[in-house]
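Me: I would like a close look at one part of this chain. Please focus on the charged pairs and what surrounds them.

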Amino acid sequence: VRRAVSQSVKVVNSVIRKYGSPIAIHIELARELGKTKEERDKIKKDNDSRWEDNEKKLCEIRDKFNIAHPTGRHLVKYRLYEEQGGKCVYSGKELDLGRVMNDDKYAEVDHIIPYSRSFCDAQYNKVLVLSEENQKKGNGLPKEYLGNGEKWEEFCVRVQSIYNRNVKKREALLREKFTVEDGKAWKERTLNDTKYISRFMYNLLRNRLLFADSATERKKKVVAV
């Protein structure tokens, strides 16, 4: 927590030196701030590589599907489509990539373990599925949706085939139970440090930072997200 606060203050001061005092600040937590320099350097290298790859994918989306300004949502769908071999994970049906990219009602990104139960928005908790399958699954696990029997057996074979090297996603897809206690534990791990650091930085910036004169028109100068 101390390291995260220290790094945050450095970032704020650097921004002010370059651009002057802000009108408002919205606080979010970058988890890598709490890591060592070696860990942060590795994260930066991975992020730079991912950024280059994302730019390449965005160019492909623009050229292939005539989308002038592809968004992050397009990118996530495109990546998941490739990862899944062009199939809906829940039904096994082939996906039409053109419709995936241009028709929001055709296919959706689903949280395998529902976000409302896990607070998990990580890539390993996401799959691209037909909208009708997503609606039927609702707020359940794949197991809770598919039940026992032939559909579940076919699903297990499909998951093992597609995600033979992606252990975390395979485990999420094949998970048979996610109790209230599991949900609490996942949420607490995700939120505990986040809440503390966000609250600390919120008070620090609200009480100590000199804002630009034009900021007097705003009711809230600092917002913690």
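Is Asp-182 buried, partly exposed or exposed?

Reply: Asp-182 is partly exposed, because its relative accessible area is 23%, and the cut-off for buried is under 20%. Bear in mind that this is a predicted model. Asp-182 has a charged partner, Arg-175. The two form a salt bridge, and their closest N and O atoms are 3.3 Å apart. Arg-175 has a relative accessible area of 25%, so this residue is partly exposed as well.

Here is the wider setting. Side chains of opposite charge can pair when their charged atoms come close. The model holds 13 salt bridges in total.

Take Glu-82 and Lys-57 next. They form a salt bridge with the closest N and O atoms 2.9 Å apart. This pair ties together distant parts of the chain. Glu-82 sits in helix H3, Lys-57 sits in helix H2, and 25 residues separate them. Lys-57 has a relative accessible area of 13%, so Lys-57 is buried. Glu-82 has 38% relative accessibility, so Glu-82 counts as partly exposed.

Now the two helices themselves. H2 covers residues 37-65 and H3 covers residues 72-83. Their axes come within 10 Å and cross at roughly 90 degrees. H2 is therefore roughly perpendicular to H3.

Lys-126 and Asp-121 make another pair. Their salt bridge has its closest N and O atoms 3.5 Å apart. Lys-126 counts as buried because its relative accessibility is 12%. Asp-121 is at 44%, so Asp-121 counts as partly exposed.

Charged groups also link up in a network. Arg-73, Lys-77 and Asp-104 are connected by salt bridges in this way.

Val-1, Tyr-196 and Phe-200 make a nonpolar patch of about 280 Å². Tyr-196 lies in helix H10, which spans residues 180-208. With a relative accessible area of 45%, Tyr-196 is partly exposed.

Methods: Residues numbered from 1 in each chain as written. Predicted model: local features only at pLDDT ≥ 70, side-chain atom pairs only at ≥ 80, totals over all residues. Heavy atoms only, no water. Patch = residues over 30% accessible without salt bridge, like charges linked within 9 Å, V, L, I, M, F, W, Y side chains within 5 Å. Areas by Shrake-Rupley, 256 points an atom, 1.4 Å probe, with all protein chains shown as cover. Salt bridge = Lys/Arg side-chain N within 4 Å of Asp/Glu carboxyl O. Helix = DSSP H or I, 4+ residues; strand = E, 2+ residues; numbered from the N terminus. Buried < 20%, exposed > 50% of the residue type's maximum accessible area, 1.4 Å probe, protein only. Axes fitted to C-alpha atoms, helices over the stretch in contact; angles between N-to-C directions. Parallel < 35°, antiparallel > 145°, perpendicular 65-115°, else oblique.
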